[in-house]
Every structure is written in structure tokens, then in C-alpha cells.
Amino acid sequence: MALVTGATGNIGRELVRELDEKGARFRILVRDPARAAGLPERAERIIGDLGEPATLAPAFAGVDRLFLLTPGIGTAHTAHAVSAAKAARVSHIVHLSSINVVGDPMPAMGRWHHRREGIVRASGIPATILRPGGFATNALEWAPTIHAEGYVLDPVGPGRFAPIDPADIAAVAALVLTESGHQGEEYALTGNEALTVADQVQIIAEAVGRDIEVRETATPAQAVQSRFPDGAPQALADAITEGFTLMRADTVGFRTDTVERLLGRRPRTFADWCARNADAFRQPTAI
């Protein structure tokens, strides 16, 4: 029996579908059952909250594998989940971390994930660490300005990265959860195309059939303000600003072949993802 946390998010929903197609036995931890609408009915729903450790025992009872995805910048949710896993004698944790952990020097976002990895390792439970790069779904943050005025702020200019489709992360996670031989491994996951923001915007424009302006003069601070118009915690804002600065400096784009090695196929392209999600960038129709 596997337990999936983060099951209603971009990765979790895809993972649940993958596990369902494999016929795997699994359950999902949800705070709000309504958010699990559309997920396979075969998936057992257990109400609980990683922020409230007293709610976790029923979800972990009888579980031997855990997919651990924790949001935010803290470590408490990871610690609570690992403690519950130890009590339930879970035998394998598949932990979603970040490619930022391998940064040299390690950026703030990498340090947060590194601390979480440390909690997982200190548990003594065999683990597999998944370290994806930037998600293709991050482009959804551009939808409001595309809808409002047809533009995207570009704070990274010539910088390149290889966005990965969350569906590919989920496919790797499902493989690792259901097949032996992955305990102790650390997998860096990226897409196969090193793209600039302008490249990505052009692909989106082609998918939706409209012109989209790229405003390349945006500073990292302006991009953070656009992303969080009501403000963001200072630590998060500083980390995002640092991330944009590092991305601008990387004009090659870090890529790995891990997805292809594990799945036996090339990663999905950014255009593939856009084709499935083009409606998110189209101007909403008034009713």
C-alpha cells in the first residue's frame, strides 16, 4: 500500500492517475475531500493534514511506501510525515525535492529542500530523492498578464532552463514507487529542451494563436511583485529574486537524461504541455 501526499496538485494528480493505471494499491491524504474531485474513485481518501500530526495515523496505517511532497519553505510538514512513517514502519519514502539542492553555491531554495532531505535521511527509512528542475506549469503564472494586456515579464533574458512536465515527474515517481531497486538513489529530473522565457512565450503564443509580448527589461524584483501583487514573505521574495538572478546567468541550461533512462522515452516537450493547457492562456470568455 502506498500513500500519496500532495495528491491534488500538479504532480500529485498525475501520479494518482499513473498509479491507478498500473493497478497499484494506494490511498491519498487530503485536507479537503472536495479538492480530490476528478481523481480516480478507486483511490482511498483519508482526511488529514501534515501540519497536524495527530491526524496522520489513520492515513499511514498499513502503508509501506510513501510519496512525500510538502509545500512551502518550512520543515515541519516533512518532520511530521517522517515521524508518522516511522511509527507505521514504512519501508520506502519517495521524496520530492528540488534541483536547487545541487547548486554550487546552494541557493536559498536549495537549502530549504536540503534540510528536508536531511530529515528523510535521518529517519533511517530507505529513500529515493527526486530533484526536478523548473516545472512547465510555472508558466501558468504568466496567464494573468497574458489575459489582461497580452504580455509576459522576462527577468532572466538570455538565461535558459529545461522545463519538465509534471506528468513526467509523476511517471518517474510511479515507477520508483512500484518497482524495486531505486532505494538510495537521487534522480535529477529535467526536460530535454533548454529554453529562454522568450522561447517559451513563443510556444505558448503558437498554441493559443495570438501574439504575446515579452518585456525583457523586467528586473527580478518587478517579476516577484507581478507574481505576488499582495506581497510575499520576505524570505520567499528574496529566494525567488536570487533564483531569477541565477537563471539569467545560466545561458546554457542544465539538462539530464534521467527521465529518458528511467522511462525509456524522451521527456515531453514544452509544446506538448502547452497543447494540453492552452485554454489556461486564452482570454476568458464573458458569460
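Which backbone oxygen lies 2.5 Å from a polar atom of the side chain of arginine 13? The legends below begin with that view. The model is predicted, with local features needing pLDDT of at least 70 and side-chain atom pairs counting only at pLDDT 80 or more, whereas totals for chains, interfaces and linings use all residues. Residues are numbered from 1 along each chain as its sequence is written, and side-chain values use heavy atoms, without hydrogens and water.

**View 1. Arginine 13 in helix 1.** The backbone oxygen of arginine 35 lies 2.5 Å from a polar atom of the arginine 13 side chain. Arginine 13 is buried (under 20% relative accessible area, 1.4 Å probe, protein chains only). Arginine 13 has no salt bridge (a side-chain nitrogen of Lys or Arg within 4 Å of a carboxyl oxygen of Asp or Glu). The nearest side chain of opposite charge, that of glutamate 14, is 8.8 Å away.

**View 2. The second largest pocket, with a volume of about 160 Å³.** A pocket is an open set of points on a 1 Å grid where a 1.4 Å probe fits, with protein on both sides within 12 Å along at least five of seven lines; lining residues have an atom within 4 Å of a point. The lining has 13 residues, and Asn10, Glu14, Thr137, Trp273 and Asn277 lie nearest the centre. Helix 1 supplies the largest share, four residues. The lining comprises four nonpolar, four polar and five charged residues.

**View 3. Phenylalanine 26 in strand 2 (residues 26–30).** Phenylalanine 26 counts as buried because its relative accessibility is 4%. Leucine 66 is 40 residues from phenylalanine 26 in sequence, and their C-alpha atoms are 9.4 Å apart in space.

Key. Grid points are joined across faces, edges and corners, and a volume is the space filled by probe spheres set on the points. Helices (H or I, at least four residues) and strands (E, at least two) are DSSP runs, numbered from the N terminus. Ala, Val, Leu, Ile, Met, Phe, Trp, Tyr, Cys and Pro count as nonpolar, Asp, Glu, Lys and Arg as charged, and the others, Gly among them, as polar. Buried means under 20% relative accessible area, exposed over 50%, partly exposed in between (1.4 Å probe, protein chains only). Lys and Arg count as positive and Asp and Glu as negative; His and the chain ends are not counted. A polar contact is a pair of N or O atoms within 3.5 Å; within protein, one must be able to donate a hydrogen and the other to accept it, and residues adjacent in sequence count only if both atoms are side-chain atoms.
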